[in-house]
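Please look over the sequence and the model first.

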Amino acid sequence: MSKLYIPIQEDIALQICEEIREKNKKKKFSFAKGQCWGCMKYSNKKGDIKHRCIFVKEDNRGCHLVNKVFDTK
């Protein structure tokens with residue numbers, strides 16, 4: 001089975017998401033930093049982490065930033 005279809009476990013997806021957010025905080029500006037900012041702003045409004053981009057699809061394959069890191073491991 002291709003890695004593209006392997007679901008990412010919730011705890012692993014959240015860990016990768018946090019790592020990406022920390023790395024992006026150090027950048028002055030980037031598309032990824034803007035995407036993370038928007039994702040967190042939207043999910044915090046709802047008060048539930050299930051509104052983050054990584055949970056867009058049932059298999060936790062919604063955020064391309066998390067998918068890219070996961071697929072390279």
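## Basis of the model

The model is predicted: local features need pLDDT of at least 70, side-chain atom pairs count only at pLDDT 80 or more, and totals for chains, interfaces and linings use all residues. Residues are numbered from 1 along each chain as its sequence is written, and side-chain values use heavy atoms, with hydrogens and water left out.

## Nonpolar core

A nonpolar core is a set of buried Ala, Val, Leu, Ile, Met, Phe, Trp, Tyr and Cys residues joined through side-chain atoms within 4.5 Å; buried means under 20% relative accessible area (1.4 Å probe, protein chains only). The largest such core has 14 residues, and Ile20, Ile54, Leu65 and Val66 have the most contacts inside it. At least two of its residues come from each of helix H1 (10-25), helix H2 (31-46) and helix H3 (64-72). H1 provides the largest share, five residues. Helices are DSSP runs (H or I, at least four residues), numbered from the N terminus.

Leaving aside neighbours within four places in sequence, Leu65 is in contact (heavy atoms within 4.5 Å) with Ile20, Ala32, Gln35 and Cys36.

## Cysteines

With a disulfide taken as a pair of cysteine sulfur atoms within 2.5 Å, the count is zero. For Cys36, the nearest cysteine sulfur is that of Cys17, 6.2 Å away. Cys36 counts as buried, at 13% relative accessibility. For Cys39, the nearest cysteine sulfur belongs to Cys53, 3.5 Å away. Cys39 is also buried, with a relative accessible area of 10%.

How values were computed
Buried < 20%, exposed > 50% of the residue type's maximum accessible area, 1.4 Å probe, protein only.
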